[in-house]
Structure formats: structure tokens, C-alpha cells
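Colleague: Hi! Could you walk me through this model?
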Amino acid sequence: MKPTAFSPSRRQFLATAGAASLSLLSSSNAATFKTVIKKAKIIGKPEEKALRDLKDAGFDGVEVSFLFDDETEAKKARELVEGIGLKVHSVLRGWAEFNSDDPGQVAASYAVTEKALRTANWLGAETILLVPCRVGGPTVKMPEPWEFDIEFDEKTGHVSRVVKGDNTPFARYIALQNKSTDGSKEQVTKLIPLAEKLNVIIGLENVWNNLWVRPDLYKNFVASFNHPFVQAYYDVGNHVKYLVPVHDWIHTLGGLIKKIHIKDYALAPDNKSGKFVHPRDGSIDWPKMRQALDDVGYNGWITVEDNGLPLPEFTDRLNKIIAGV
């Protein structure tokens, strides 16, 4: 094994600082919760130095974005991760093209998703993160985030309107939304037997793909599979621009939430623009978010999807989020 990148004094400093932070959070300022949350960060292929840095900084696990072709290599990576005292809790599959007009692209997306499920199984992960598809482009007129007022059929998940009033300008977008729902349902349903066999949950994430942009519609889509191996992978930062509070999303999704991504988004004063920022620097009400997770009984992982801060700083911010302060 290679020696750690931290000297004993550096590691001791981090451990002492982390203990002090947790001690402060245990004061009367922190809320009391029934649920237990663990901290993780996204990485690529597991490598010893990065893993040791995360462990020394106080993380509990990782989400891996690297997909393995070889079972033996993957299991060696699992041994490395777990030997350091971490866990691979999820594999980030990312974008698919299950709504493509090209059957070859659909098949290719399906094959990559199968690979992600196998990678997760080899690494001992509980889930994969899957974004089934996206719509957009210059030829597709869509409402502004603050204009959405959606009506949909609960049985089919098909959208009938996306704004109040005249929806004619958005007819193509509505048609693509419904096509995407149907195509995603078909392909994800086909993946369920493999997910069951491998004991890996498919976590459907709703990102800036212009689909399922309201909590009730997102819930309807995930719940339509009616299967324990298809659940929601909810990213708190991705939904801020739609002007629905994060805690409302969590209360609506409830027990469908399997995993949580953490980042923040700062809305401009007019609520019509914004930018991604580090956790606790934006518009999310983190104490209400944490209380909502407790309300719905969420025990599990929060994974920071962010870079640009020292790892101990991310740990400190996540500890505060977990403590509800």
C-alpha cells in the first residue's frame, strides 16, 4: 500500500477539527432527528490517495462515476474502498437517451445502463443514478421556470398543459414530454429484472432536462413503475430554479426518495435567474430541508455534487446540514 498523503500531524489535526465541529453541532442549536444521514462525494475511478483524503476529511462513502468492464478489477476497487473504511453507495450512470428517434441510440443507452447496474453490483453499491433522457434545443419552445403550471393524466403521466392559458406555443414540447415519459417507462421497465437479479435500485434523477419539473409530476413518473427497484434520486439544487421549495419536493416524494444529491443554487432577487453555488451559500433553506428528510423517514446518504472547496470544509458544511443548523 502507498503511504497516505497526509502526515500524522495533519491527520490528527483533521480528526481534532472534525470532533470539535461535531461537538459544537451537538449543542442546543442543533435539532434532534430520528433519521441517520451519511456523507459521500462523487469520484471517478476509485484511487487510493483520493479515497484516503476523503476518509481523513470525515466522509463515510463515495458515489463512483466510473463504469467497470471487468468484474475482477471492480472487486479489487471495492476491496480498496472498504479497506480504507469507506463504502461505494451508488454508481453515477448519468444521462441516457431513452426518448431518441434512433433505435441504435436507445440500445446503446440501454447497454450502458446495464453496465452501470453490473458495476454497482460488483462494487457493493445499492443504487445507480439514471437520468432517462432530456428534451430541449432551439426548435423546442418551453416555458420559463416560473411559468410552469402543469396538468397531467395520473394514469398515463401524459401532460395536457404546461402553463395557464394558451398552450399552443408549447405543443411540440408537450408532445416531446409525453414521448419521453413513454420511452423512459418502456426502457426502465425492461431493466427491472436485471436490477432485481443484481439487487441494485435504479434511482431516477430529475435534472435540468426539462422533464418532470414539478413535484407531483416527478412523483407520478417514479411511482408509475410501482416497483421497489425503481425509486427517486433527488438532487436538491437542481430544482431551486422552478421556485418550489426543496422541502415541498421532499414531502411530495416522501418514501420514494432513495438517495440525495447536495448542491446549492442562488436565485437572483427577481427569481428569474441564478447560479449554482456551494452548499449553504444559496437559496435553499437547509434546516427545513433536513426537517423534511426526517419527516419522511429518510435514512441514507447525502452526496455532495460540488468541487472547489477543501474536503474538510465540505465535511463541515454537510455536518451542519445533517444537524439542521
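Colleague: What should I know about how it was made and handled?
Modeller: This is a predicted model, where local features need pLDDT of at least 70, side-chain atom pairs count only at pLDDT 80 or more, and totals for chains, interfaces and linings use all residues. Residues are numbered from 1 along each chain as its sequence is written, and side-chain values use heavy atoms, with hydrogens and water left out.

Colleague: Thanks. How many helices and strands does the chain have?
Modeller: There are 9 helices and 12 strands, taken as DSSP runs (H or I, at least four residues, for helices; E, at least two, for strands) and numbered from the N terminus.

Colleague: And what is the radius of gyration?
Modeller: The chain comes out at 20 Å, close to the 20 Å that the globule rule gives for 325 residues, so it is as compact as a globular protein of that length. The radius is taken over C-alpha atoms, and the rule is 2.2 Å times the number of residues to the power 0.38.

Colleague: What share of the residues is buried?
Modeller: Buried residues make up 52% of the 325; buried means under 20% relative accessible area, exposed over 50%, and partly exposed in between, with a 1.4 Å probe and protein chains only.

Colleague: Which strand does S8 pair with?
Modeller: S8 (residues 230–235) pairs with S9 in the parallel sense over 4 bridges; pairing needs at least two bridges found by DSSP. Ala232 stands opposite Ile257 in S9.

Colleague: Is S9 enclosed or open, then?
Modeller: In S9 (residues 257–262), 5 of the 6 residues are buried, so the strand is largely enclosed by the rest of the structure.

Colleague: How do S10 and S11 run?
Modeller: They run antiparallel, with 4 bridges joining S10 (residues 264–267) to S11 (residues 274–277). Tyr265 has Phe276 in S11 as its bridge partner.

Colleague: What sits between those two?
Modeller: S10 and S11 form a hairpin with 6 residues between them, and Asn271 in the turn has a positive phi of about 60°.

Colleague: Changing topic: where is Pro310?
Modeller: Pro310 lies in the loop between strand S12 (300–304) and helix H9 (311–323).

Colleague: Buried or exposed?
Modeller: Pro310 is exposed, with a relative accessible area of 52%.

Colleague: How far is Pro310 from Ala266?
Modeller: Pro310 and Ala266 are 21 Å apart in space, C-alpha to C-alpha, and 44 residues apart in sequence.
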